[in-house]
Amino acid sequence: MATDTPIDFQKLRLDGVYRMNERDELMLRIKVPAGVLSVAQAAQVADLADAFAGGRLHLTTRGSIELHRVRARDLAAIGRGLAAVGLTSRGACGGAVRGIACSASFSPNFVVTQALARRLHRHFAGNPHFEGLPKKFKIAVEDGYAGARHLIQDAGIVFTGHDRGANRFDVWVAGGLGREPQAAFQLAENLAEEALIPLIEAVVRTYVKHTPAGKRLKHLVRSVGEVGLRRLLEQERAGRPTVLAAGGLDGTPAPAGGGAPVTAFIFAGDLDTATLRQLIEAARSHSGGFLAVTADQNLAFAPAAEARAALVQELAAAGFVGTSAAEKTAFRVCVGSHACRMGLSPTRDLARAVLDALPPAAQGLEWAISGCPNSCSQPQLAPVGIVTSRLAKEDGGERTPRFDIYRRTGEGLGEKCEEGLNLQQLLQFASRVAE
Ligand code: SF4
């Protein structure tokens, strides 16, 4: 792209690109179906990050990978590099079906959930029938109800088991976080896998037809109710065939699930390419040549039983697994003002400050921190969630971030329990959180 051509940032969103700042630095998000990468794909991403993104990467809670501070002139080269290994950023931002998330990396049912995630990715990614949506449409395939991630998707698909000759799934729709969090409702129960794509397609088409620009599916449900959405869906499905898939973008074979996965801890999902390359070598040697971005922004491996001890030893020697306070305490952290235009607080710094403030009794607690009310790190799904809600002046001085705190104790979304805390009050809260 010529540098003197005005850049249409709105259009770039469908290619998975957001503008980061007034200097026209860009964020490019790579879709990674189910978060799983072959070592060849991971090495290519590392090469691209070195060449075009200052040698750093960010792992997201949906298993995607972001490159930051990319320049517009380099987008074509990055796109070619991704396509060469079966990856794409198409539809990773903007009004499109986003990357298909799959939170339980290398769990016993990962063979089923990952295969479905890849099938959905092949069907929806880069498919023009499902672009130009009013807003984003998020799909996740979960292997159970632990973690409740099905509640925050536009379509949350939960594996329920194998029955009557088919893998079966519950389908939940119209969830979402942001400024108006809303839990999804159950649309279908124990559906055979073959019925899923026609149903999700109909949900997307119904969403497009009946929802104003800039609004998610949850908005439509707030306006017509669950019964109304079911009625619209029936009308949409009457006599309408499933569209043809756009063709596979992803030729990576699915690795088989094995024993318990081994996780390399990556603080706040932020890593450099030297670190990634070290982990790629570990995956090549001990994990069948695959690794996965987890929902907690770490990297997971699926070693064969006989390779497990060597992998753990290698990761521990390199400092990726161990017993430090940071590793015992899980933080999901969005990029905040480090790399997002919407960010009101430096979320990684905040995570470090919270970690330092925690008493030993609070280690092991799971936290999620978001840099603005969009809640990209899913704070309402964590036992303790921090949302940077606004900036406010302190005694007539500079505007500083204010934080709301959510606690989740039941099966639904977390509830707000503190509002408008300044940093000092937030850290006091952290120091007492175990009481
Ligand atoms: S929560 Fe806000 S600050 Fe964080 S990544 Fe999302 S939009 Fe950006």
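Student: Does C417 count as buried, partly exposed or exposed, and what is its relative accessibility?

Tutor: This is a predicted model, and the values are computed from it. Buried means under 20% relative accessible area and exposed means over 50%, with partly exposed in between. The value for C417 falls between those limits, so the residue counts as partly exposed, at a relative accessibility of 39%.

Student: Which cysteine sulfur is closest to that of C417, and how far away is it?

Tutor: A disulfide requires two cysteine sulfur atoms within 2.5 Å. The sulfur of C417 is too far from its closest counterpart for a bond, because that counterpart, in C334, is 19 Å away.

Student: How many disulfides are there?

Tutor: The 2.5 Å cut-off is applied to pairs of cysteine sulfur atoms. By this rule the count is 0. C93, for example, is in no disulfide, and its nearest cysteine sulfur, that of C376, is 10 Å away. C93 counts as buried because its relative accessibility is 0%.

Student: How many charged residues does the shell around the ligand have?

Tutor: The residues around the ligand include C334, C340, C372 and C376, together with M342, N374 and S375. By class, the shell has 5 nonpolar and 5 polar residues, and the number of charged residues is none.

Student: What is the orientation of helices α5 and α6 to each other, and what is the handedness of their crossing?

Tutor: The axes of α5 (residues 196-210) and α6 (residues 217-237) come within 10 Å and cross at roughly 125 degrees. The two helices are therefore oblique to each other. The crossing of α5 and α6 is right-handed.

Conventions:
Residues are numbered from 1 along each chain as its sequence is written. This is a predicted model: local features need pLDDT of at least 70, side-chain atom pairs count only at pLDDT 80 or more; totals for chains, interfaces and linings use all residues. Side-chain values use heavy atoms; hydrogens and water are left out. Buried means under 20% relative accessible area, exposed over 50%, partly exposed in between (1.4 Å probe, protein chains only). A residue is near a molecule or strand if one of its heavy atoms lies within 4 Å of it. Ala, Val, Leu, Ile, Met, Phe, Trp, Tyr, Cys and Pro count as nonpolar, Asp, Glu, Lys and Arg as charged, and the others, Gly among them, as polar. Axes are lines fitted to C-alpha atoms, for helices over the stretch in contact, and angles run from 0 to 180 degrees between N-to-C directions. Helices (H or I, at least four residues) and strands (E, at least two) are DSSP runs, numbered from the N terminus. Angles under 35 degrees count as roughly parallel, over 145 as roughly antiparallel, 65 to 115 as roughly perpendicular and the rest as oblique. A crossing is left-handed if the near helix is turned anticlockwise from the far one by less than a right angle, and right-handed if clockwise.
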